[in-house]
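Hi,

Here is the structure I promised to pass on. Have a look at it first, and then read my notes below.

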Amino acid sequence: MAVRGAVALPLDLAWREEVRKASGQPVELCYQCAKCAAGCIVLEHADFTPHQVLRMVALGLRDRVLASRAIWLCSGCLTCTVRCPNGIDIARVMDTLKEMAAANGANGKNPARLFHSMFVDNIRGRGRVNEAVLLGRYELTTGRIWKELGQGLTLLRKGKMPVFTPGVRHRDEVRRIFARVRELGGH
């Protein structure tokens with residue numbers, strides 16, 4: 001157990017190896033230079049920086065990592081990966097952590113996880129994202145509809161968020177991609 005303040009945190013030191021194998025990335029090579037965090041586009045909204053997530057993985061703080069917003073907010077832009085002097089594909093590690101969290105039912109009520117899940121479901125069903133449907137569903141589910149309604153209406157009026165968007169022509173190919181991911185153990 002690691003102790004932070006008065007709270008004991010359960011350690012799972014074998015988990016680092018599990019993450020390493022699943023992601024194919026040498027997470028233990030992170031020496032906390034913070035170059036990944038310097039370019040992170042979602043950092044101001046995340047609870048942890050990318051290098052903090054890697055440190056927690058190295059220390060085996062499984063529950064804490066899988067409950068974090070940081071993994072769900074990662075957009076996979078690869079800025080952190082490109083900046084890493086040790087060649088760690090941090091975006092791939094974040095994707096692996098998302099898969100682990102989803103498989104374990106962790107983070108079920110996290111708004112970032114909820115949005116991520118709805119985003120992927122929207123693509124799975126249509127082949128592309130319909131922002132109006134996605135945001136409307138998210139706002140209704142989270143009970144924030146009245147908070148964001150004004151901004152949404154402004155976007156609709158300006159034509160920035162069309163209500164009706166066509167799906168992709170070859171949805172069967174999108175379904176095959178999702179089926180293949182499921183076969184490989186993804187979600």
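The crossing of helices α3 and α7 is left-handed, a label used when the near helix is turned anticlockwise from the far one by less than a right angle (clockwise would be right-handed). Helices here are DSSP runs (H or I, at least four residues), strands likewise (E, at least two), numbered from the N terminus. The contact involves P50, V53, L54 and V57 from α3, plus I90, V93, M94 and L97 from α7; contact means heavy atoms within 4.5 Å.

α3 covers residues 50–59 and α7 residues 90–103; they pack at about 60 degrees, their axes 11 Å apart. That makes α3 oblique to α7 (under 35 degrees is roughly parallel, over 145 roughly antiparallel, 65 to 115 roughly perpendicular, the rest oblique).

Bear in mind that this is a predicted model: local features need pLDDT of at least 70, side-chain atom pairs count only at pLDDT 80 or more, and totals for chains, interfaces and linings use all residues. Residues are numbered from 1 along each chain as its sequence is written, and side-chain values use heavy atoms, leaving out hydrogens and water.

On pLDDT (the predictor's confidence in each residue, from 0 to 100), the protein averages 85, and 90% of residues score at least 70.

Lastly, P162 sits in the loop between α10 (145–157) and α11 (171–183). Beyond neighbours within four places in sequence, P162 contacts N130 and A132.

Cheers

Key
Axes fitted to C-alpha atoms, helices over the stretch in contact; angles between N-to-C directions.
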